[in-house]
Amino acid sequence: MTVTPLAAHPSGRSAPAFRGRIGRDARSGHYAVPGRYRLHLSTACPDGLRLAVVHSLLSLDTVCPTTFLPAVPDCPEGGHSALRPLYDASAHRYTGPAVAPVLSDDWSGRIVSTHAPDIMRDLARRFGSERPSPYPCGAESEIEAVERMCAQGIEEAAQRAGSAGAERAEREAALGTLLETLGVLERWLAGRTYVIRDEVTVADVELWVALVQLDTVHRNHLDAAAVQRIAGQPVLWAYARRLTAHPAFGTHLNLDGIARRHHARCHGLEAAGAAVPILDWAAHAAR
């Protein structure tokens with residue numbers, strides 16, 4: 001896939017508090033042992049949803065169990081009280097929020113990582129030998145290109161396009177970036193089932209989650225005309241419907257949780273686009 005470079009913008013993700021890795025053997029400290037690690041996540045959170053899908057694609061329910069957290073964090077600073085013991089055990093006098101997702105080590109009771117991209121890669125590389133890898137050999141640059149398109153061209157552009165505090169020219173420029181990115185993907189997916197290979201990869205996970213967020217979260221702050229233009233990508237949204245019907249994707253789609261999380265965090269103004277849904281996600285979700 002050829003990607004036009006996008007201008008850098010500040011990322012909405014905060015820096016991970018912990019960034020350990022799972023290695024190959026005992027010399028690496030955190031090494032791969034089935035049953036040693038546990039995921040803590042909320043599928044109402046984009047990173048949690050990505051992790052849940054990859055975890056299901058790899059069939060890791062017994063190898064790396066998952067603890068699902070509430071959609072809306074129950075601590076004032078945006079953390080989960082259930083995660084506080086892990087954070088306190090992992091860092092002396094840790095004062096930040098106990099946020100998800102978390103990969104913890106049940107042997108030590110401490111956190112390995114809070115960095116979702118590293119966690120996904122380590123689960124696939126260290127425990128995913130029984131399933132086709134969502135990180136196929138030689139696809140790293142293509143995956144990174146799709147990740148960049150989703151982060152900058154869809155998620156950040158949509159957020160800026162619906163920002164109540166931005167100037168009109170800035171919102172229109174951001175909408176133009178969003179529509180251009182969607183148009184590139186629309187043309188690229190014509191005649192294709194998946195984004196970069198003939199089977200599901202993490203690039204599909206990234207794009208699917210970005211489209212879920214676009215329709216269930218960012219649409220609420222765009223005008224109706226903008227939403228109609230976004231919806232005018234039939235190939236792209238047909239692709240989203242197909243993935244939603246895949247058991248590893250649709251079963252983790254918590255629409256009510258996404259809405260509650262958004263309303264708890266968002267201070268923006270609702271626009272006319274909130275009344276113009278693009279997909280009936282629940283109707284297509286695998287059950």
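**A sheet, its helix and selected residues**

Strands (E, at least two residues) and helices (H or I, at least four) are DSSP runs that are numbered from the N terminus. The model is a predicted one, in which local features need pLDDT of at least 70 and side-chain atom pairs count only at pLDDT 80 or more, whereas totals for chains, interfaces and linings use all residues. Residues are numbered from 1 along each chain as its sequence is written, and side-chain values use heavy atoms, with hydrogens and water left out.

The protein chain has an average pLDDT (the predictor's confidence in each residue, from 0 to 100) of 91, and 94% of the residues score at least 70. Over residues 1-12, however, pLDDT stays under 50, and for this segment the model has 19 contacts (heavy atoms within 4.5 Å) beyond four places in sequence.

Strand E1, which spans residues 37-41, is mostly covered, since four of its five residues are buried; here buried means under 20% relative accessible area, exposed means over 50%, and partly exposed lies in between, with a 1.4 Å probe and protein chains only. E1 pairs with E3 (residues 102-105) in the antiparallel sense over four bridges, two strands being counted as paired if DSSP finds at least two bridges between them.

Taken together, four strands form an open sheet in the order E2-E1-E3-E4, with mixed pairing. Because E2 and E4 (110-113) stand at the edges and each has a single partner strand, one side of each is left without a neighbour in the sheet. From one strand to the next the twist averages 35°, where axes are lines fitted to C-alpha atoms (for helices over the stretch in contact) and angles run from 0 to 180 degrees between N-to-C directions. Helix H1 packs on the sheet and touches E1 and E2, and its direction makes about 140° with that of E1. E1, H1 (residues 46-57) and E2 make a right-handed β-α-β unit; a crossover is called right-handed if, with the strands pointing away from the viewer, the path from the first strand over the helix to the second runs clockwise.

Thr 43 lies in the loop between E1 and H1, and it counts as buried at 11% relative accessibility. In the loop between H1 and E2 is Ser 59, a residue other than glycine whose phi is positive, near 55°; Ser 59 is partly exposed, with a relative accessible area of 38%. Arg 93, in the loop between H2 and E3, also has a positive phi near 55°, and at 71% relative accessibility Arg 93 counts as exposed. Pro 101 lies in the loop between H2 (84-90) and E3, and a cis peptide bond with omega of about 5° joins Ala 100 to Pro 101.

Not counting residues up to four places away in sequence, Leu 214 touches Ile 154, Ala 158, Leu 178, Leu 182, Arg 219, Ile 230 and Trp 237. The C-alpha atoms of Leu 214 and Ile 230, which are 16 residues apart along the chain, are separated by 9.3 Å.

The cysteines remain to be described. With a disulfide taken as a pair of cysteine sulfur atoms within 2.5 Å, the count comes to zero. The closest cysteine sulfur to that of Cys 45 belongs to Cys 75 and is 15 Å away, too far for a bond, while Cys 45 itself is buried, with a relative accessible area of 14%. Cys 266 is likewise in no disulfide, as its nearest cysteine sulfur, that of Cys 45, is 15 Å away; Cys 266 is partly exposed, with a relative accessible area of 26%.
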